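Colleague: I have just been handed a model that I have never seen before, and I would like to learn how to read its features one by one. Could you take me through it slowly?

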Amino acid sequence: MALIRRPGSGPWTSYAHRLLAVVGAAMLLLALSAPVYAAGTTSPNVAPAGDTPTGFYYGTDSDTVSGTGSAPYSEPVIGGAYGGYIGMVGNWSRWQGCGTKFVWSATNSAQANTNFTTYKKGIGTGVYWFMGGPGVDPHYNGTTQEAYAWGRAQAARARADIATFSVKYPVVFMDIEIPGNAPSFTPAPDNGWNAVYTSPCSGRVKTNFVAPSLDRQVFNGFSDYIKHDTSYIPGVYSAPGIWANIFGTGGAASIPNTDEWTYTDATASLQNPPSGWCLRGTSTCAHFFGGVGQSSSHAVMWQWSGGGGLRNGYGDFDQIDTNRQR
């Protein structure tokens, strides 16, 4: 070993000094060679922090969010018990032959079901149906009766699709949103909630207005079918701004007794995962809609990162309150 020198000084003749220098160099080498984890991730050598308060679990939805380890599974990237997976059971435009995207993770679904069934953690697998409004109904005629029938038809198709999956969570969410120009999901930028199209797959607008009362009848048709003709419970995924854009702020927007999954407010960061309905150490919290607040028994889920265009590099992360599970 070469003689260690302090910059600007002569040789170290003290054995103690040489020993301290060697130890310090070894510690530096170990630090530099230790694995570096991306921001917000958890080292596999550190026990993952649990979600809080009691009954809350982290989960994921839609595309696969890759995790590691064996059962019982932990939430990918951030740690804590993996509490549930919510997948797209169907898509109105794909059903109508428009050839658009369908998102389902068999891996995350199986992990969530194992945690729920074997280890009594979380909710297992749940589902959502990507909804179409009155304007993409192939039988659109402007009546409330037809809008209601269009909602029921989508619910009936959702029930048939659910039968092909192992679904544990009792709530079937209507995905009601305006994704913009997203051809991978829909040929209609507003999913037919605010405009009427010449046909479901044309992408060509015939009328630039749909009354909120007509939109509400599609919601009612789907909700009533799920409630009365299946063993499931109707729920809805949306956000306050989108909800008001489609249903307004009057009676058509009021759904105080419907289970909700919100994606407002969300973040692109994974460094401060939620505790309850707020991100730890921040003022960012979940905001529900249609007359439902955080304290309501119908506030059941929050997509706190990865949705609404706020990409985090991994996927969609959710906060789930199993205290509200029916």
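Predicted model: local features only at pLDDT ≥ 70, side-chain atom pairs only at ≥ 80, totals over all residues.

Colleague: Which residue is joined to C201 by a disulfide?

Modeller: In general, a disulfide is a covalent bond between the sulfur atoms of two cysteines. Here the partner of C201 is C98, with an S to S distance of 1.9 Å, and the link of C98 and C201 is left-handed, with -85° about the S-S bond. The pair links distant parts of the chain, 103 residues apart, since C98 sits in the loop between α2 (92–95) and α3 (106–119), while C201 sits in the loop between β5 (196–197) and β6 (205–207).

Colleague: How many disulfides does a search of the whole structure find?

Modeller: The search finds two disulfides, and the other one joins C278 to C285, with an S to S distance of 2.0 Å. The torsion about the S-S bond of C278 and C285 is about 100°, so this disulfide is right-handed. C278 counts as partly exposed at 24% relative accessibility, whereas C285 is buried, with a relative accessible area of 13%. When the bonded cysteines of the protein chain are numbered in sequence order, the pairing reads 1-2, 3-4.

**Reading charged pairs**

Colleague: How many salt bridges are found in a search of the whole structure?

Modeller: The idea is that side chains of opposite charge can pair when their charged atoms come close. The search of the whole structure finds three salt bridges. One of them is formed by D63 with K101, whose closest N and O atoms are 3.7 Å apart. D63 lies in the loop between β1 and β2 (82–91) and K101 in the loop between α2 and α3, so the pair ties together parts that are 38 residues apart in sequence. D63 counts as partly exposed at 41% relative accessibility, and K101 is partly exposed with a relative accessible area of 32%.

Colleague: With which residue does D229 form a salt bridge?

Modeller: D229 pairs with R152, the closest N and O atoms being 3.5 Å apart. This pair also links distant parts of the chain, with D229 in helix α5 and R152 in helix α4, 77 residues apart. D229 is partly exposed, with a relative accessible area of 35%, and R152 counts as partly exposed at 27%.

Colleague: Where do D161 and R157 lie?

Modeller: D161 and R157 are both in helix α4, and being four residues apart there, they are separated by about one helical turn. Their salt bridge has its closest N and O atoms 3.1 Å apart. D161 is buried, with a relative accessible area of 14%, while R157 is partly exposed, with a relative accessible area of 34%.

**Reading a helix and two strand residues**

Colleague: What covers the buried residues of α5?

Modeller: Helix α5 (residues 212–229) has 18 residues and reaches 25 Å from its first C-alpha to its last, close to the 26 Å expected at 1.5 Å a residue. Its buried residues include L214, V218, F219, F222 and I226. The cover over the buried residues of α5 includes β3 (125–130), α4 (144–162), β4 (171–175), β7 (233–238) and α6 (240–247).

Colleague: Is D61 buried or exposed?

Modeller: D61 counts as buried, because its relative accessibility is 1%, and D61 lies in strand β1 (residues 56–61). The C-alpha atoms of D61 and I86 are separated by 4.5 Å, although these residues are 25 residues apart along the chain. Leaving aside neighbours within four places in sequence, the contacts of D61 include I86, W261 and D318.

Colleague: And where does D321 lie?

Modeller: D321 lies in strand β12 (residues 316–321) and counts as buried at 2% relative accessibility. A polar contact of 2.9 Å joins the side chains of D321 and N323, and, leaving aside neighbours within four places in sequence, D321 is in contact with G55, F56, W277, A299 and V300.

Notes. Residues numbered from 1 in each chain as written. Heavy atoms only, no water. Buried < 20%, exposed > 50% of the residue type's maximum accessible area, 1.4 Å probe, protein only. Contact = heavy atoms within 4.5 Å. Expected span 1.5 Å × (residues − 1). Disulfide = S-S within 2.5 Å. Polar contact = N/O pair within 3.5 Å; in protein donor to acceptor, adjacent residues only side chain to side chain. Salt bridge = Lys/Arg side-chain N within 4 Å of Asp/Glu carboxyl O.
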